[in-house]
Amino acid sequence: MSPPVAAILVAAGQSRRFGGDKLWIDMWGRPVWRWGLDSLLSVPGMALVAVVVPPDGIQRFTDALPPDTNDRVQIVAGGEERTDSVVAGITVLTAAQIPEDTPVLVHDAARPAASAELMVRVVTAVRAGTGVVPLVPVTDSLKTVDDSGRVLATVDRDAVQAAQTPQGATLEQLRAAMEETHAWGRPVTDEAAAMTSGGIGVRSVDGEPVNRKLTDPGDDAALRAILAGRTTPLRPPATTDGMRAGIGFDAHRLEAGRELRLAGLAFPGEMGMAGHSDGDAALHAVIDALLGAGGVGDVGTLFPSDDERFRDADSGELLRLAVTRLQEAGWKPASLDLAIVARRPPIAPRRDEIVKRLAELTGMDPTAISVKGTTSDGLGFAGAEGIAAFAVATVAPA
């Protein structure tokens with residue numbers, strides 16, 4: 001069993017510079033703050049995370065917690081200043097009888113791209129006996145200016161680095177630093193500043209250039225791109241037995257001039273389907289069924305139709321990404337039943353090909369996949385205007 005670790009996720013800011021509630025921006029099916037929480041929960045030995053939120057946001061944050069985490073996550077109201085919020089988190093950890101020598105990570109919820117590897121690196125350094133702050137080199141040229149904006153001098157970049165979170169210390173060290181900061185009314189911007197001003201040694205570890213802070217409008221686009229390829233494993237589900245099921249549905253109108261892509265295969269000579277991606281209604285239904293079973297979003301959230309990266313995208317690759325998302329959440333595809341409703345093309349002649357392709361894309365055994373086609377007897381939308389698909393999928397703990 002890993003030695004215990006604890007954390008404080010600071011999510012009580014007012015987002016004044018951003019101009020909106022930045023922590024609730026959706027990032028691939030999760031609000032910004034959840035990315036940091038999920039990574040913290042994946043740190044070996046993580047015993048308790050105190051999530052410090054605005055006083056009027058306690059219920060909203062509580063409702064959005066991952067399933068079955070009540071024993072490892074506690075929501076608490078923060079204060080006006082960052083130090084007030086960190087002290088509130090320390091109070092939660094102390095009340096939970098977290099041992100004084102336990103490493104504590106303090107992480108800014110507006111940094112969703114911090115990896116679990118970085119967090120473990122900080123914890124390891126804290127166990128060596130000092131406070132810890134991750135740093136990254138400054139690449140821009142730095143200037144000092146006066147109140148009028150006049151440039152006074154150039155700062156030597158080699159002498160400065162940019163600080164990130166999570167920062168770390170033992171619970172005892174962190175409490176001492178924050179209490180002294182409060183008592184003297186010292187203005188500090190982070191925990192490392194509180195510790196150094198309180199005489200507690202602080203060492204640095206390598207930070208991560210992608211660990212950007214969501215501060216100004218436009219930062220969210222860069223972070224969304226970073227998180228799109230994130231493969232850091234998330235906390236596995238607390239329930240480790242049993243399976244879960246989900247259902248998916250999609251339909252697309254036929255559109256002349258497009259190649260038909262259906263269930264991951266090309267159907268030359270058949271009229272294709274309209275859509276932002278390649279319009280493969282069958283694979284979109286499969287994606288929704290799998291994501292629904294795992295409780296990790298839906299196709300529209302992960303691959304929004306207003307995102308140009310997914311224009312004309314191969315839905316087979318989108319399915320692969322959805323399976324990766326499932327695996328990150330601790331699930332794997334277990335079975336699939338797919339029904340395609342279309343006047344054309346006939347499904348039966350290529351059923352085996354479709355099963356093989358779905359097995360390749362999902363990692364399932366072909367015997368766990370069933371595919372069927374129906375024409376709806378010419379009735380309704382799927383009888384003449386388009387193609388529809390229904391899917392039922394189950395997932396099992398990975």
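Gln-97 counts as exposed, at 71% relative accessibility, where exposed means over 50% relative accessible area, buried under 20% and partly exposed in between (1.4 Å probe, protein chains only). Gln-97 sits in the loop between H3 and strand S6 (103–108), and Gln-97 has a positive phi of about 60 degrees although it is not a glycine. This is a predicted model, in which local features need pLDDT of at least 70 and side-chain atom pairs count only at pLDDT 80 or more, while totals for chains, interfaces and linings use all residues. Residues are numbered from 1 along each chain as its sequence is written, and side-chain values use heavy atoms, with hydrogens and water left out.

**Overall layout**

- The protein chain has 12 helices and 17 strands, these being DSSP runs numbered from the N terminus, with helices (H or I) of at least four residues and strands (E) of at least two.
- The C-alpha trace of the protein chain spans about 80 × 55 × 35 Å along its principal axes, and buried residues make up 51% of the 398 residues.
- Of the contacts in the protein chain between residues at least 6 apart in sequence, 75% join residues at least 24 apart, contact meaning heavy atoms within 4.5 Å.

**Helix packing**

- Two packed helices are described by the angle between their axes and the distance between the axes; here the axes are lines fitted to C-alpha atoms, for helices over the stretch in contact, and angles run from 0 to 180 degrees between N-to-C directions.
- Helix H3 (residues 82–95) packs against helix H5 (residues 171–184) at an angle of about 140 degrees, with the axes 10 Å apart, which makes H3 oblique to H5; angles under 35 degrees count as roughly parallel, over 145 as roughly antiparallel, 65 to 115 as roughly perpendicular and the rest as oblique.
- On the H3 side the contact is made by Thr-83, Asp-84, Val-86, Val-87, Ile-90, Leu-93 and Thr-94, and on the H5 side by Leu-171, Leu-174, Arg-175, Met-178, Thr-181 and His-182.
- By class, the contact of H3 with H5 has seven nonpolar, four polar and two charged residues, with Ala, Val, Leu, Ile, Met, Phe, Trp, Tyr, Cys and Pro counted as nonpolar, Asp, Glu, Lys and Arg as charged, and the others, Gly among them, as polar.
- The axes of helix H8 (residues 281–294) and helix H10 (residues 315–328) come within 10 Å and cross at roughly 5 degrees, which makes H8 roughly parallel to H10.
- Residues of H8 including Leu-283, Val-286 and Leu-290 meet residues of H10 including Leu-318, Ala-322 and Arg-325, and by class this contact of H8 with H10 has 10 nonpolar, four polar and one charged residues.

**Aromatic pairs and an enclosed helix**

- The structure holds five aromatic pairs, in which rings of Phe, Tyr and Trp (its six-membered ring) have centres within 6.5 Å, and planes under 30 degrees apart count as stacked, over 60 as edge-to-face and the rest as tilted.
- The rings of Trp-24 and Phe-61 have centres 5.0 Å apart and planes at 65 degrees, so this pair is edge-to-face.
- Trp-24 lies in the loop between strand S1 (5–10) and strand S2 (26–27) and Phe-61 in helix H2 (residues 58–63), so the pair ties together parts that are 37 residues apart in sequence.
- Phe-61 is buried, with a relative accessible area of 3%, and ring pairs link Trp-24, Trp-33 and Phe-61 into a cluster.
- Helix H1 (residues 32–41) has 10 of its 10 residues buried, so H1 is largely enclosed by the rest of the structure; among the buried residues of H1 are Trp-33, Arg-34 and Asp-38.

**Backbone geometry**

- Most residues other than glycine have a negative phi, and most peptide bonds are trans.
- Asp-312, in the loop between helix H9 (299–302) and H10, has a positive phi near 60 degrees and is exposed, with a relative accessible area of 53%.
- A cis peptide bond joins Thr-165 and Pro-166, with omega about 10 degrees, and Pro-166 is found in the loop between strand S10 (161–163) and strand S11 (167–170).
- A cis peptide bond also joins Arg-344 and Pro-345, with omega about -5 degrees, and Pro-345 is found in the loop between strand S15 (331–341) and helix H11 (351–362).
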